[in-house]
Amino acid sequence: MCDPQSRFVARARHRFAMTRECAALLPGVCAALADPRQPGLDDTCLEKLLDWFRSLTSDCGAELITSVLTLPDPSASILSFTLQLAGILASSESRFQHLQQEKLLGRLFGQEGPRGSAAWEDASVRSAWLKGVHSMVHHQPALHFLCSTGGMDVIFTLQGDPSLFVASAASQLLVHMLTFSLESETSKGLSTKDCDWPACAQMIVKHIQESLQSSSASHIEQSLKLLSSLFGSCFGSCYAAWTEVLWLDIAKQIESFLLEETVQAQPVLANLLLNVARSPVFCGTEGSFWALVTSALEHLTPVQAGPLAVGLLKLCKCPQDVRIQALTVLLQPMDCILRAASHPLECAGTVVTEKLEASLLASLLDESVSDPVTVESLLSSKTSCAGLLCQTLAHLEKLLSLKHLRVDLPCVSLLRSLMTILQFCNGSLSPASPLGSTISRNLINCFRVQKSALDVLAALSEKKDCDTLIGNLFDVLLAYLQSPNTSPTVLKKTFQATSKWLVHLQELSSSSSQWQQTEKILEDVFVVLQKRLCSPCWEVRDSSLEFLTAMVKCLRDQKEFRQCLLSSEVLRLTENLLEDPESYVRASAVTAVGHLALITCFAPESPVIGNQYSKESIVAKLQEILSTDSEGFPRRAVISTFTKWLREGCTGQLEDTEQFVSRVIQTVEHDLDWEVRLGGLELVEVFCSQTICQLAQCPYAPVSSSVTSSTPQNELLQVFCRAKLFGFLFGSLCDCDKPVGQRACDVLVGLRGHFYPMSTLENPQEIEDSPAGRGIAWLQRTLRQGSLAQSFPTDGGEGVDFQDPESMMLALGAIDLLELHDELNKSSDHVEESPQSLLQDILATVGTIEDNEVD
């Protein structure tokens with residue numbers, strides 16, 4: 001009679017259609033797992049082994065579980081593995097019954113299992129117990145087993161486990177069990193009046209109710225978190241009747257928590273209410289639920305109520321009065337800032353003539369929703385001021401990013417408040433009110449608040465209501481750009497906000513008489529930019545170049561912008577930074593020069609600004625960087641710039657473009673940075689597309705087989721061969737970096753589709769008879785080696801002439817590029833993570849019994 005281990009292997013081989021190699025390795029693995037003399041296994045190997053078992057469908061594994069359970073003191077990793085394996089096997093009702101008959105489940109998940117032993121002290125064992133139960137609970141017998149063996153009490157206890165991973169897993173398991181236990185009840189069409197919880201669900205609901213009424217703060221918080229997870233899962237949207245019953249059972253208790261100052265679970269309460277609000281059950285405007293939400297907005301602190309408020313504003317079904325109250329909560333800190341600045345706004349020596357509004361919302365702001373004194377107190381505190389403002393500003397930025405916000409934001413007042421905050425932070429505003437003075441002291445040089453305020457300021461540039469304040473706004477921004485006290489990170493944010501508002505300013509000046517104001521602002525910006533480009537801080541030089549690039553992208557067609565640019569020293573300073581000692585700055589300078597060239601060199605009517613800015617000079621400098629720079633970032637920027645020029649048609653006539661592309665790829669193909677080589681392939685792809693469009697007349701359209709030998713087709717091949725594209729493309733197929741090979745294959749497949757539109761590939765038998773047949777056959781064999789052929793010759797090695805149009809036409813038709821494409825796109829771990837490799841890894845990790853005995 002076969003021993004259990006042999007039966008295990010036999011079943012595995014028979015039922016899984018397991019490979020011979022895996023079947024041969026499996027006995028050793030089983031022995032290693034059950035052998036107490038073996039050292040600990042790598043947890044990653046065990047996790048992968050579990051994934052493998054999860055994909056199998058058999059009764060196998062019981063013998064392995066039995067072997068582990070006979071060990072006097074199994075290691076925590078082996079015990080954890082066994083618990084999870086048992087759960088996976090028991091997920092099938094038939095295998096569950098088999099494990100029950102073998103009396104294995106009770107020894108793992110019942111009272112006689114590890115939960116009463118010393119091994120239970122290890123968090124990984126407790127976590128594995130929960131994972132095993134979670135896997136198992138997919139049928140009613142498993143639920144009954146847990147309820148009858150005390151398993152529910154164990155899960156309730158693990159909710160408060162000191163390990164956050166274990167506590168979270170316990171909460172997720174309870175959500176799963178409650179949801180699963182209700183699945184059989186959903187088809188009965190019960191109303192909320194006759195909903196009786198199933199046995200398992202009743203235990204969970206009773207536990208929640210008892211915990212909420214207990215005197216233990218930790219028990220209350222655990223149940224609130226469980227409820228929040230429950231309503232946030234599919235339960236809240238798929239089980240409407242049960243959701244309403246559960247909510248009615250706990251609503252009074254939740255309301256009492258909001259009114260009790262001693263309860264410390266307010267943040268969890270806010271999350272719970274938001275998850276409940278997302279349920280379809282409460283989509284009506286009537287009922288006590290929304291009154292409770294309003295009460296929460298009133299009683300929670302501004303920090304606690306903020307996430308609830310912004311979540312409510314994103315809901316399409318939230319009643320309008322609740323939505324307005326939620327907006328009020330978010331805007332009260334901004335309103336307090338305005339009231340604290342109790343005199344006209346001072347902007348770089350000028351005074352705004354109109355007074356600040358007394359309130360952000362005027363009639364909209366209802367101070368009864370949340371006590372403004374609380375907000376003033378938080379802003380007056382050094383420890384809480386920045387935190388409250390950063391949270392508020394983050395929420396407002398989210399709201400401004402929404403396409404459809406169902407309540408109007410007071411953008412003008414919000415902009416005033418943002419400018420006030422920024423002036424408080426840099427000390428340029430000295431308010432007369434005591435509250436303003438305190439807030440100003442709290443915010444002085446506060447980088448966190450400055451960055452958050454500038455983010456919201458940038459988002460506001462999309463709004464059309466702030467035009468009257470645009471002059472004052474640029475005064476504030478310029479003050480930050482000019483100040484030596486502005487940190488590099490804040491300066492970067494200021495540049496970003498400035499570029500967005502400059503775009504908005506140009507839109508205004510093109511439709512009004514504000515061009516004089518626009519011209520003055522641009523002049524001031526360029527004066528500051530010249531200074532920042534010469535900063536000793538490389539981060540500042542880098543941010544300045546990024547800002548310049550952003551401006552050129554958006555404003556290069558604007559006359560005022562071009563005039564200010566060409567009359568400044570920015571062009572010369574930017575070109576000087578091509579030799580900056582910092583590689584990041586050189587890369588940004590390359591990008592900036594590339595965009596500036598669209599104005600200075602490649603524009604239809606390029607201005608005369610000196611020989612140093614000629615097209616030939618700029619191209620030569622960038623080609624030198626591509627071939628000589630020691631860092632990858634500048635070289636990547638060059639190839640990206642060249643590709644952009646090519647896309648925009650800046651490289652001249654076809655002959656000039658052909659020579660340009662040829663020089664670039666001959667440099668790129670030897671680059672050690674794979675991203676540079678990948679950029680070269682992108683350049684080639686753009687060149688091929690444009691050349692086909694130009695010579696074939698019909699963009700991207702394949703030609704019929706009857707004209708494949710026509711003049712346009714021959715001319716295309718000649719252009720591509722003269723540019724030495726094919727040597728670069730076929731060589732890239734063997735690149736040691738996979739993305740390069742994939743991109744090269746994509747380009748070649750596209751070319752093959754053009755020259756052979758009807759899949760009329762060459763006959764392999766005829767290849768050998770052609771003059772280039774031997775070379776093409778060698779090429780096919782070499783490409784099958786993939787990255788092993790890294791020394792791929794592109795200069796006619798082995799008789800392949802990559803510059804011969806006839807040979808390349810034959811290669812495109814003969815080589816199975818689609819098969820190669822599939823191979824290149826196959827995940828590299830299809831071998832490394834195969835079951836056979838996994839079993840070998842496990843055996844290599846633990847060694848063999850014989851080796852240990854010899855040692």
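A salt bridge here is a side-chain nitrogen of Lys or Arg within 4 Å of a carboxyl oxygen of Asp or Glu. By this rule the structure has 21 salt bridges. The model is predicted: local features need pLDDT of at least 70, side-chain atom pairs count only at pLDDT 80 or more, and totals for chains, interfaces and linings use all residues. Residues are numbered from 1 along each chain as its sequence is written, and side-chain values use heavy atoms, with hydrogens and water left out. Helices (H or I, at least four residues) and strands (E, at least two) are DSSP runs, numbered from the N terminus. Buried means under 20% relative accessible area, exposed over 50%, and partly exposed in between (1.4 Å probe, protein chains only).

**Salt bridges**

- Asp-455 and Lys-493 form a salt bridge, with the closest N and O atoms 3.0 Å apart. This pair links distant parts of the chain, since Asp-455 sits in helix α24 (residues 447-460) and Lys-493 in helix α26 (residues 488-509), 38 residues apart.
- Lys-493 counts as partly exposed, at 24% relative accessibility.
- Arg-636 meets Asp-673 in a salt bridge of 2.9 Å, N to O. Here too distant parts of the chain are linked: Arg-636 belongs to helix α33 (residues 632-647), and Asp-673 to the loop between α34 (654-668) and α35 (674-696), 37 residues apart.
- Arg-636 also forms a salt bridge with Glu-675, the closest N and O atoms being 3.5 Å apart. Glu-675 lies in helix α35 and Arg-636 in helix α33, so this pair ties together parts that are 39 residues apart in sequence.
- Asp-673 is buried, with a relative accessible area of 10%, while Arg-636 is partly exposed at 27% relative accessibility and Glu-675 is partly exposed at 34%.

**Packing of helices α15 and α16**

- Two packed helices are described by the angle between their axes and the distance between the axes.
- The axes of α15 (residues 240-259) and α16 (residues 266-277) come within 11 Å and cross at roughly 145°. Axes are lines fitted to C-alpha atoms, for helices over the stretch in contact, and angles run from 0 to 180 degrees between N-to-C directions.
- The crossing of α15 and α16 is left-handed, a term for a near helix turned anticlockwise from the far one by less than a right angle (right-handed if clockwise).
- Contact (heavy atoms within 4.5 Å) is made by Trp-247, Ile-254, Phe-257 and Leu-258 of α15 with Gln-266, Leu-269, Leu-272, Leu-273 and Val-276 of α16.
- By class, this contact has eight nonpolar, one polar and no charged residues. Nonpolar covers Ala, Val, Leu, Ile, Met, Phe, Trp, Tyr, Cys and Pro; charged covers Asp, Glu, Lys and Arg; the others, Gly among them, are polar.

**Helix α9**

- In α9 (residues 140-148), Ala-142, Leu-143, Phe-145 and Leu-146 are buried. Seen down the axis of α9, these buried residues fall within an arc of 160°, so they line one face of the helix. The arc is that of the directions from the helix axis to the C-beta atoms.
- The buried residues of α9 pack against α6 (93-101), α7 (105-109), α8 (123-136), α10 (151-158), α11 (164-183) and α12 (199-212).

**Gln-159**

- Gln-159 is in the loop between α10 and α11 and is buried, with a relative accessible area of 7%.
- Leaving aside neighbours within four places in sequence, Gln-159 is in contact with Ala-167, Ala-170, Leu-174, His-207, Gln-222 and Leu-226.
- Gln-159 and Lys-225 are 66 residues apart in sequence and 9.7 Å apart in space, C-alpha to C-alpha.
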